[in-house]
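Here's a quick tour of the fold. Have a look at the model below before reading on.

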Amino acid sequence: MSDELGTLYRDVIVDHGNHPRNHRALGDEAVSAEGINPLCGDEITVYLRLDGDRIAEATFESQSCAISTASASLMTEALIGKTRSEALDLFDDVRSMLTCTTPIVDETSRIGKLRALSGVSAYPTRVKCATLPWHTFREALDADRCATISAESTK
Ligand code: ZN
């Protein structure tokens, strides 16, 4: 990574860490999940509102470090408008970028602005900070699926 690109990525993390986007709770129609990273003390709640198969709103509340907050902020921006399967593909890409020694993500992938998080992979103790929002998001999505299935089974 060139220094210039490294600086750009750092700026994105600092910006989202200090001014998180979509940092609020959603109402009763939303599904949510809570996640905790005991290593750092990060606590996060991710809220999703689905419109059919599409994520209409994604927000979060957190008591978390700058890396975790920035990851959650970038995540909510990336998730809004995606279908369930597109969002899960993105989850796989981000997890690979952060945790694999040889990430499968290439320059042309759908990862876009989330690449700003890639520098975190060099700091193993911070990787959990960056992945926490994503694992929490998956739990919220599963919670929605369970709610949908149980609503259908009672018809
Ligand atoms: Zn953290």
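## The cavity

A cavity here is a set of points on a 1 Å grid over the protein atoms alone where a 1.4 Å probe fits but cannot get out; points are joined across faces, edges and corners, and the volume is the space filled by probe spheres set on them.

Its lining is Phe91, Val94, Arg95, Thr131, Trp134 and His135, each with an atom within 4 Å of a point. Helix H3 (84-99) and helix H4 (124-153) are the elements giving two or more residues to that lining.

## About the model

This is a predicted model, where local features need pLDDT of at least 70, side-chain atom pairs count only at pLDDT 80 or more, and totals for chains, interfaces and linings use all residues. Residues are numbered from 1 along each chain as its sequence is written, and side-chain values use heavy atoms, leaving out hydrogens and water.

## The sheet and its helix

Three strands form an open, antiparallel sheet in the order S1-S2-S3. Helices (H or I, at least four residues) and strands (E, at least two) are DSSP runs numbered from the N terminus, and strands pair if DSSP finds at least two bridges between them. S1 (31-37) and S3 (54-63) are the edge strands. S2 (residues 42-51) is joined to S3 by 9 bridges, and Tyr47 has Thr59 in S3 as its bridge partner.

Helix H2 (residues 66-79) packs on the sheet, touching S2 and S3 (contact means heavy atoms within 4.5 Å).

Notes
Axes fitted to C-alpha atoms, helices over the stretch in contact; angles between N-to-C directions. 1 Å grid on protein atoms, 1.4 Å probe; cavity = no way out; pocket = protein on both sides within 12 Å on 5 of 7 lines; lining within 4 Å.
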